[in-house]
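Work through the exercises below with the model open. Each task is followed by a stepwise solution.

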Amino acid sequence: MDLFRKAILHPGPPQDFALQTVQQAIKPQKQVKLVQDENQLLENILRTLLQELVSAAVQSGEEIMQYGQPIDDGDICRGQIPRLLDIVLYLCEKEHIEGGMIFQLLEDLNEMSTMRNCKDVFGYIESKQDILGKPELFARGKLVMLRTCNQLLRRLSKANDVVFCGRIIMFLAHFFPLSERSAVNIKGVFNTSNETKYEKEAPDGSSIDFNFYKTIWSLQEFFSNPGSLTPALTKWQKFSSSLTVVLNTFEAQPLSDEEGSAINLEDEGSNFSIKYLTSSNLMGLELKDPSFRRHVLVQCLILFDYLKAPGKNDKDMPSDTLEEIKTCEERAKKLLEMMPPKGKEFLRSIEHILERERNWVWWKRDGCPPFEKQPIEKKLAQETGRKRRPRWRMGNKELSQLWKWADQNPNALTDPERVGTPAIMDYWKPLAEDMDESAGIEEEYHHKNNRVYCWKGLRFSARQDLEGFSRFTEHGIEGVVPLEILPAEVRSKKYQAKQADRSKRAKKDDTRGSLQQVEESQSATPPANEIDMDGSRNENEGSGAGGESDGMMALSVDVSQGDTTATPDEHQKQSSDGDGDGDGLEAGQIEAEVGMSNSIVDGEMDAEVDLDVVA
């Protein structure tokens, strides 16, 4: 400890002797940095020395920051305690000792000092704010500094030490970053302990309107806790009626310019009226005070701004209540604007402050994102100048590399695994899944809307599935999908109806054409031919297998085949070429041929449907 006493009295900057003093007093294992046990030992020595210096300063009656022989520090002369703090601050800044040691000494010094001396100690803290705020020190001592400032605020009087309290709050605002959550009221808790007490019963001989007195002071209950207005509708009605009475009174009794000029806004004392007296005898004087009226109206604007703050939804406040809030807010702003002195300037300043407050509310609602942004590192210019772009043989790097690989491996381009043409079934499977209504795929996400997909599929179908490719004209791109991969519902719904209609239409056309040919042949055949045909029919009536219908079918077949020039002898020859069994067989064959000719289209179209049903 004696070494540090001598070091305090040593003239010159601390960097000339501070590290040597620590090495002599502690004898550390490392030459420039102390370990944990050594830091604890040094902290105990310094805290004991600081306590002795404060005790000596109190006994001598001097201020603690001026105690002792002034020591020349190069620029200014300091006392022994500031000199000790400078030495410790230098060692912490250079990381020779633990960084939180200086903050611990400042906290001890504030606890041992009176409020008068605390102002000088805090002045030293303000002068070293830039050094204390460095990252290597701030991370170690931010909580200690916050605790020190809060203890000072609790010790100070909010009415008498307003300026000192403001200095502490401003220091915390500059010392901590904007995104520091310790200084943010995340939950929006109100200071309900700030209770305003006023008279409940009218005193004897009072000449004022006591009902108005209770009305205007009852508003402070809602101003101290605006959150109580949102859940209870009865409280809002009470507040609204009381506020309407106050606004009506302010409007009925406007202030003159003479009454407004009695307040000098430039006077420092006029700006720190924290608490007004609530005596009923002062009500008349307070109503004539522009500052008193402004306090009430500004509180109204703050409460309205809270009720309209972001995050409030329509369920919290009914629409009628929001309209009422808007009306009262306009009335309060109009009163502030008309109130002397400088009403417009005052209202503009209040609106600007409320706008900034809304930005803070939005910031807290978003989770307090950091404001600080890391600087963008600038790219260092090349010393050799601008870099020349490389020239590629095939135009770019990828093509040149591919060409290089082909030169090294000629089989790369002819490798069968390199060709990846998919099978037609695999390619159209996604579109088949889109056509399935049970899959629930929306129309806009179908593969048929992808032109590239459809174009590639048509090319594959033209090479691998020509039958499916031919259905493109009638059914579109969905008709190209192979029937084997379509769901049964889609096949029956999409194709079976069209195929049945087409087969019926083909049958009608064939029947109509056959009848027309029969009529033409009958009109062109001589009457003798008809007699011969009657004879041949009579001969065939006796046969068991050959019937009248067979003869008619034979005649119709001969006529339909264009044999319109046959003679009666030929007809007789045809009818006598076999017995009844032969006629029956021939008629059956002819009937089968007629059935095939009439339903050739049906056979072709129904074959696919039958195969699908069997499958």
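**Exercise 1.** Is E351 buried, partly exposed or exposed?

Solution. The model is predicted: local features need pLDDT of at least 70, side-chain atom pairs count only at pLDDT 80 or more, and totals for chains, interfaces and linings use all residues. Residues are numbered from 1 along each chain as its sequence is written, and side-chain values use heavy atoms, with hydrogens and water left out.

- Step 1. Take the cut-offs: buried is under 20% relative accessible area, exposed is over 50%, and partly exposed lies in between (1.4 Å probe, protein chains only).
- Step 2. Read the value: E351 has 34% relative accessibility, so E351 counts as partly exposed.

**Exercise 2.** Which salt-bridge network includes E351?

Solution. 
- Step 1. Define the contact: a salt bridge is a side-chain nitrogen of Lys or Arg within 4 Å of a carboxyl oxygen of Asp or Glu. The structure holds 18 salt bridges.
- Step 2. Start at E351. Its side chain meets that of K333 in a salt bridge, at 3.7 Å from N to O. E351 lies in helix 16 and K333 in helix 15, so the pair ties together parts 18 residues apart in sequence. Helices (H or I, at least four residues) are DSSP runs, numbered from the N terminus.
- Step 3. Check K333: it is partly exposed, at 25% relative accessibility.
- Step 4. K308 forms a salt bridge with E329, with the closest N and O atoms 2.6 Å apart. K308 sits in the loop between helix 14 (290-307) and helix 15, E329 in helix 15, 21 residues apart.
- Step 5. K308 is partly exposed at 43%, whereas E329 is buried at 10%.
- Step 6. Join them: K308, E329, K333 and E351 are linked in a network of salt bridges.

**Exercise 3.** Where do the partners of the K134 and E93 salt bridge lie?

Solution. 
- Step 1. Confirm the contact: the side chains of K134 and E93 meet at 2.6 Å, N to O.
- Step 2. K134 is in the loop between helix 7 (129-132) and helix 8 (135-155), E93 in helix 4, and the two are 41 residues apart.

**Exercise 4.** What backbone features mark P341 and K342?

Solution. 
- Step 1. Recall the background: most residues other than glycine have a negative phi, and most peptide bonds are trans.
- Step 2. Inspect the prolines. The peptide bond from P340 to P341 is cis, with omega near -5°. P341 is in the loop between helix 15 (319-338) and helix 16 (343-365).
- Step 3. Move to K342. Its phi is positive, about 55°, although it is not a glycine. K342 lies in the loop between helix 15 and helix 16 and is exposed at 53%.
- Step 4. Find another case. E95 has a phi near 60°, also positive in a residue other than glycine. E95 lies in the loop between helix 4 (80-93) and helix 5 (101-111) and is partly exposed at 44%.

**Exercise 5.** How many disulfides are there?

Solution. 
- Step 1. Apply the rule: a disulfide is a pair of cysteine sulfur atoms within 2.5 Å.
- Step 2. Count: zero disulfides.
- Step 3. The nearest cysteine sulfur, that of C328, is 8.3 Å away. C300 is buried, at 1% relative accessible area.
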